[in-house]
Amino acid sequence: MLTSDRRGWNSKDRQEVDMQQPEINTFRPRMRVLNEEQAWAIHHAALEILEKTGFVMEHPQVKRMLLNAGCRLDEEARLLMPARLVEDALKSAPRQITLYDQQGRRAMPLVNGNFYFGTGSDTIFTIDLETGERRRTVLQDTANFARLVDGLDNMDFSMSMGNPADAPIEEIYVHVFAEMVKSSTKPICFIADSGKDITKIYDIACLVAGGEEALAQRPFILNYSEAISPLRFPENVMEKLVFCARKQIPICLPSGCNAGGGGPVTLAGAMALGIAENLVGLTIHQLTNRGAPFLFAPNVSVLDMRHTVISYGCTEWSLTQAALADMRDMIYHLPIWAFAGATDAKTVDAQAGAEGMLSIITSMLSRCNFIHDVGYIESGHTSSLEMLTLADELVAMSRYFIDGLRIDDDTLALDVIDRVARGGSSGAIFLNDKHTFSNFKTALFHPELCDRSRFEHWEANGSKQMRQHCNQKARRIISDHQVIPKSEAVLNGIDVILGYQMELRN
């Protein structure tokens, strides 16, 4: 006998409807730490800093441009910037920046919730893979890091990871850029000192891309520069900013602000200062060339009050960059710069893993876009190929989490459950079901470095710690990974720019 409910459906109708699974969109987990009221309060504080406290501009042409645009000088010769200039700059800056690899292939669309990871720059020391010693960096280390990035699946761009002792100090950034170009095909984030060396770096990039127009159409480079907190803009920093604006080179200008050192010890105040400094850079950039690509990049870590170091493993930095990502979504709508995968630990140990994972998963959950400093240890003083290799796996683990749960007929697997449950008397289990064989490689995460083996197997294989696994993988990639080589014409052109004799290289 069929019974009907109040909608007029009988039990058979309900059974057929219940058997049809609706199409369900996959929800990807996301984190927010600010509400709109808080975000706007910090933004308005940043504007007030620019209008009332102002800033020091050491580049005379840029200073004159700002005065002509509507800034004014106070009695201490500080420039005061009206909010309307910031608002105009925010309107003209592009909402998306796309970076390409060195072969001109689309690699990193910096927009919405896309996130990409890469290394850092300017370390003085590195951990030698062979000896384990902490030593000064050399040019070969920059090449090794670029090659490792090129061979790691979850790293998207390179930075130099060192100031090598064997490069001429006045052109150190030109030499490390050349090493990255030779050792990787992925995008590059580069440092320069002034308008002089950035011109040479740009010339190398044009060689690789096939000319100025080709580089403008498919940029594989992004410049990193910094103001000096609080609210000082040196002439050499402005030279680079103006150069990048004119040449359409994507650039970020993070604040040098850190809570308790370059800025107020309170995170909200440090964020307001960092945003104010970043908005000065954005405004100058857009006044120079409206529509040129600019990455939103306030940068708020903390000065550790016990050891007076800028902390790379602190919880506060992860919190402030998540808050800045919220402000991007609510107010600025520009791609955002961030950090992750770094630690204050001195070696790849439990502290390194914990601090690295905190920054990686939170940068993903808050949808930061361009995420650098992967592979730093010792508070950014030392680079570690082992830490970079570990972080690559931590990024892979986090990506799996961020992808969320796919819910559909195949993943619910009702037919599989029915088949195995009914075949229980014959010894059927899910392990040997065809559904498991078809899906286990993609349905589950399979770590490469994390050891899940039984104790006896682990012991029989040398009782290796995580650092040893990372060391072996890094050495294998550096030794075996084949980077797509540059042409002889490009290599010879680089030598000319570096001032080498071609016979010397050959």
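**Rings and helices in a predicted model**

Me: Is Phe370 buried or exposed in this predicted model?
Reply: Phe370 has a relative accessibility of 1%. The cut-off for burial is under 20%. Phe370 therefore counts as buried.

Me: How many aromatic pairs does the structure hold?
Reply: Phe157 and Phe370 form one of the aromatic pairs. The total for the structure is 13.

Me: Are the rings of Phe157 and Phe370 stacked or edge-to-face?
Reply: The centres of Phe157 and Phe370 are 4.0 Å apart, and the planes make 25 degrees. Planes under 30 degrees apart fall in one class, and those over 60 in another. With 25 degrees, the pair of Phe157 and Phe370 is stacked.

Me: How many residues apart in sequence are the parts that this pair ties together?
Reply: Phe157 lies in the loop between helix H5 and helix H6. Phe370 lies in strand S17. So the pair ties together parts whose separation in sequence, in residues, is 213.

Me: What is the relative accessible area of Phe157?
Reply: Burial needs a value under 20%. Phe157 is buried. Its relative accessible area is 0%.

Me: Which residues form one aromatic cluster with Phe157 and Phe370?
Reply: Phe157 and Phe370 pair with each other. The cluster that holds them also takes in Tyr224 and Trp337.

Me: Is the pair of Tyr312 and Tyr376 stacked or edge-to-face?
Reply: The ring centres of Tyr312 and Tyr376 are 5.4 Å apart. Their planes are 70 degrees apart. Angles over 60 set the class here, so the pair of Tyr312 and Tyr376 is edge-to-face.

Me: Are Tyr312 and Tyr376 buried or exposed?
Reply: Tyr312 has 16% relative accessibility. Tyr376 has a relative accessible area of 5%. The limit is under 20%, so Tyr312 and Tyr376 each count as buried.

Me: Which ring does the charged end of Arg134 sit over?
Reply: The charged end of Arg134 is 3.7 Å from the centre of a ring. That ring belongs to Phe125.

Me: Is helix H9 oblique or perpendicular to helix H10?
Reply: H9 and H10 pack at an angle of about 45 degrees, with axes 8 Å apart. Roughly parallel needs under 35 degrees, and roughly perpendicular needs 65 to 115. The angle therefore makes H9, relative to H10, oblique.

Me: Which residues of H10 make the contact with H9?
Reply: H9 brings Met238, Leu241, Val242, Ala245 and Arg246. On the H10 side are Gly281, Ile284, His285 and Thr288.

Me: Where is Asn278?
Reply: Asn278 has 0% relative accessibility and counts as buried. Its contacts beyond four places in sequence include Leu253 and Phe294. The place of Asn278 is in helix H10.

Methods
Residues are numbered from 1 along each chain as its sequence is written. This is a predicted model: local features need pLDDT of at least 70, side-chain atom pairs count only at pLDDT 80 or more; totals for chains, interfaces and linings use all residues. Side-chain values use heavy atoms; hydrogens and water are left out. Rings of Phe, Tyr and Trp (its six-membered ring) pair if their centres lie within 6.5 Å; planes under 30 degrees apart count as stacked, over 60 as edge-to-face and the rest as tilted. Helices (H or I, at least four residues) and strands (E, at least two) are DSSP runs, numbered from the N terminus. Buried means under 20% relative accessible area, exposed over 50%, partly exposed in between (1.4 Å probe, protein chains only). A charge sits over a ring if NZ of Lys or CZ of Arg is within 6 Å of the ring centre and within 35 degrees of the ring normal. Axes are lines fitted to C-alpha atoms, for helices over the stretch in contact, and angles run from 0 to 180 degrees between N-to-C directions. Angles under 35 degrees count as roughly parallel, over 145 as roughly antiparallel, 65 to 115 as roughly perpendicular and the rest as oblique. Contact means heavy atoms within 4.5 Å.
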